[in-house]
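Here is a short report for someone meeting this structure for the first time. Take a look at the chain, then read on.

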Amino acid sequence: MRIRIVDAFTDRPFSGNPAGVLLLDAFPDDAWLQNVAKEVNHAETAFAHPLPAGGEADWALRWFTPVAEVAMCGHATLATAHVLNSTRTHEGPVRFATRSGVLIATPQPDGSLTLDFPTAPLTPVPVPDGVAEALGAEPVSAVDTGPQVGDLLLELADEKTVLGLAPDLRSLGRYSERGIIATARAEDPAAGHDYVSRCFFPNIGIDEDPVTGSAHTALAPFWSERLGSPDLTGLQASPRSGHVRTGLRGDRTLLSGRAVTVIDGELLA
């Protein structure tokens, strides 16, 4: 079967967040899916198969890290929609049936794709004891992002602090189900982004995720309230880096970006 590696939330190869994408006739057993994701060894590998016509969704979609299945993944959804659209396997908006409900990906005239995801419910919480030491910086505030995202969002003093983080990843894992989102307001909005973030997910085998769509379902409401705009652009400042355009629409968040196929090959196992 064909396997593709797609860089998501970028318009050029070797940046953004890479995801494996496999289009199947049906889902094999979970052990096989997990083994393929482990072999691909990217943050997520997406597996999708078509559903019968006339239902609420067009394709079933699941995502696996090298060590576990996850409930939501933005960049691998964008990568899957890119493959379907660029190969004309499915044209126009595509509805995915997932563990997080039906997620819709819509191609835009400029070549980007827009994902329609549930907005993360944000609950302010006290900054946990010890998290500053584990992160390597003192948070300004802390927010729980709810069960679907499963992160602790930590606001830091400024962009420079976020960029300079070198956390104790083993210690960070104790503070949330998935990991930590560290974020700050952009130092210079004229640079093309309104806020900056980095994401550390040691509990699911990802020390630092390059660009995290699901995290932006929490970052969008967090920064839209503070900056007074529903439409913003976030920079996830990992070594690969990438931009996510976010649109807050009440209980839904729109995530827009581009994707590039960098490997198109054959899986023999």
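## A buried loop residue

L165 sits in the loop between helix 5 (159–163) and helix 6 (169–172). Helices here are DSSP runs of H or I with at least four residues, strands are runs of E with at least two, and both are numbered from the N terminus. The model is predicted, so local features need pLDDT of at least 70, side-chain atom pairs count only at pLDDT 80 or more, and totals for chains, interfaces and linings use all residues. Residues are numbered from 1 along each chain as its sequence is written, and side-chain values use heavy atoms, with hydrogens and water left out.

Is L165 buried or exposed? L165 is buried, at 7% relative accessible area. Buried means under 20% relative accessible area, exposed means over 50%, and partly exposed lies in between (1.4 Å probe, protein chains only).

## Cores and helix 7

A nonpolar core is a set of buried Ala, Val, Leu, Ile, Met, Phe, Trp, Tyr and Cys residues joined through side-chain atoms within 4.5 Å. The largest one has 47 residues. W63, L78, V94, F96, L153 and L219 touch the most other members. Helix 2 (residues 74–86) gives the most to this core, with six residues. Another core, of 19 residues, lies apart from it; L135, L156, L172 and A184 are among its members. In soluble globular proteins, nonpolar side chains tend to be buried together.

Helix 7 (residues 216–227) is mostly covered. Nine of its 12 residues are buried. They are H216, T217, A218, L219, A220, P221, F222, W223 and S224. Just after helix 7, G228 takes a positive phi of about 75°.

## Salt bridges

How many salt bridges does a search of the whole structure find? The search finds 12. A salt bridge is a side-chain nitrogen of Lys or Arg within 4 Å of a carboxyl oxygen of Asp or Glu. The table gives three of them.

| D30 | R62 | 3.0 Å |

The bridge between D30 and R62 links distant parts of the chain. D30 is in helix 1 (residues 30–40) and R62 is in strand 4 (residues 59–64), 32 residues apart. D30 is partly exposed, at 42% relative accessibility. R62 is buried, at 17%.

D116 and R252 also link distant parts of the chain. D116 is in strand 8 (residues 113–118), R252 in strand 17 (residues 252–257), and they are 136 residues apart. D116 is partly exposed at 23% relative accessibility. R252 is partly exposed too, with a relative accessible area of 25%.

E208 lies in strand 14 (residues 206–209) and R198 in strand 13 (residues 195–201), so this pair ties together parts that are 10 residues apart in sequence. E208 is partly exposed, at 23% relative accessible area, whereas R198 is buried, at 9%. Elsewhere, salt bridges that share partners join D30, R62, E69 and R99 into one network.

## The hairpin and its cysteine

Strand 13 and strand 14 run antiparallel and are joined by two bridges. Two strands pair if DSSP finds at least two bridges between them. Four residues lie between the strands of this hairpin, where G205 takes a positive phi near 80°. The bridge partner of C199 is D209, in strand 14.

Does C199 count as buried or exposed? C199 is buried, with a relative accessible area of 0%. C73 is buried as well, at 3%. A disulfide is a pair of cysteine sulfur atoms within 2.5 Å. By the disulfide rule, the count is zero.

## A surface patch

F14, V262 and I263 make a nonpolar surface patch of about 310 Å². Patches are made of residues with over 30% relative accessible area and no salt bridge; like charges are joined within 9 Å, and nonpolar side chains (Val, Leu, Ile, Met, Phe, Trp, Tyr) within 5 Å. Accessible areas come from the Shrake-Rupley method with a 1.4 Å probe, and for residues only the protein chains shown count as cover. V262 lies in strand 18 (residues 259–266). V262 is partly exposed, with a relative accessible area of 31%.
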